[in-house]
Amino acid sequence: METITVHIRPINWTEGDVYGLYMRLSGDNPAVCIDWGDGSVRTYYGNEINEYHIYPKDESLSFVVVITAVSGNIDYIDPTCGDCDYELIDFSKAPSIREIEAQRCQTVIFDNPNLEKLSLTINLADSYDLSRCPNLRVLTFQCSRIYPSIDLSHCHKLEWLSCWGYYDPSKLCKIVVANDAPLRYIDITNHTLHPSCLAVIRRIIERNGGEIVGESDGEEDEEE
């Protein structure tokens, strides 16, 4: 059975001590069992699961939430609803998953060959390993801290990339894209990529008849 594990660490619980999970399932009689990590275990049925759980209002506590597909497949999951940081989310034991939203995560473990769409907020981790997501087509991430590079060289089917930066100065210096990727759209707003990196991206985008949004000429990097 496929499982997803989330290690959550509460901050202020300003949303009412509530943590939520949203999933879309497929297959015959789809159902998931959720162990909320505080002794509460429930099974939920249907093609769409949108559940919330109330925890003790104690910021010293942390919880491990385990989601298990009892029947059917988990096609989409957003396991990051609520007001807390997420120390770790492990998707590696849910290979059939196709779409993930994973926000505010310090560590994310991917080993998902069927994953096609991914949304991340990069503000805690030093790196994210996407080398085992060869079928990724759409990647969206928002960057609110200095983040030196992201390696997408194994994502040979990547078509759409949005890596918008929250604030100036630029947060991302290097993006590695597979030369054969069918990339047709990239948003690099508030980032100043190294000139050699930008040249490669321009070549790939031009070859595919695509569009670059938020392009900077990288002059500041070149002067350094």
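## A first look

Is Y55 buried or exposed? Y55 is buried, with a relative accessible area of 3%. Keep in mind as you explore that this is a predicted model. Let us begin with some strands and then turn to the rings.

## Strand β2 and its partners

Strand β2 covers residues 18–35, and strand β4 covers residues 48–54. Seven bridges connect these two strands, and the pairing is antiparallel.

One of the residues to look for is I34, whose bridge partner in β3 is R42. Between the strands of this β2 and β3 hairpin there are five residues, and G37 takes a positive phi near 85 degrees in the hairpin.

## Aromatic pairs

A pair of aromatic rings is described by the distance of the centres and the angle of the planes. How many aromatic pairs does a search of the whole structure find? The search finds five. Among them is the pair of Y19 and W36, which counts as edge-to-face because the planes stand at 80 degrees, with the ring centres 6.4 Å apart. This pair links distant parts of the chain: Y19 belongs to strand β2, while W36 sits in the loop between β2 and β3, 17 residues apart. Y19 has 0% relative accessibility, so Y19 counts as buried. W36 is buried too, with a relative accessible area of 0%.

Another aromatic pair brings us back to the opening residue: Y55 and F63 form a tilted pair, 4.3 Å from centre to centre and with 35 degrees between the planes. F63 has a relative accessible area of 7%, so F63 is buried.

## Around R184

Now follow the chain to R184, in the loop between β13 (172–177) and β14 (185–187). Its relative accessible area is 42%, so R184 is partly exposed.

Which residues is R184 in contact with, leaving aside its neighbours within four places in sequence? They are E159, I205, N208, G210 and E211. R184 and I204 are 20 residues apart in sequence, and their C-alpha atoms are 8.1 Å apart in space.

Definitions and conventions:
Residues are numbered from 1 along each chain as its sequence is written. This is a predicted model: local features need pLDDT of at least 70, side-chain atom pairs count only at pLDDT 80 or more; totals for chains, interfaces and linings use all residues. Side-chain values use heavy atoms; hydrogens and water are left out. Two strands pair if DSSP finds at least two bridges between them. Helices (H or I, at least four residues) and strands (E, at least two) are DSSP runs, numbered from the N terminus. Rings of Phe, Tyr and Trp (its six-membered ring) pair if their centres lie within 6.5 Å; planes under 30 degrees apart count as stacked, over 60 as edge-to-face and the rest as tilted. Buried means under 20% relative accessible area, exposed over 50%, partly exposed in between (1.4 Å probe, protein chains only). Contact means heavy atoms within 4.5 Å.
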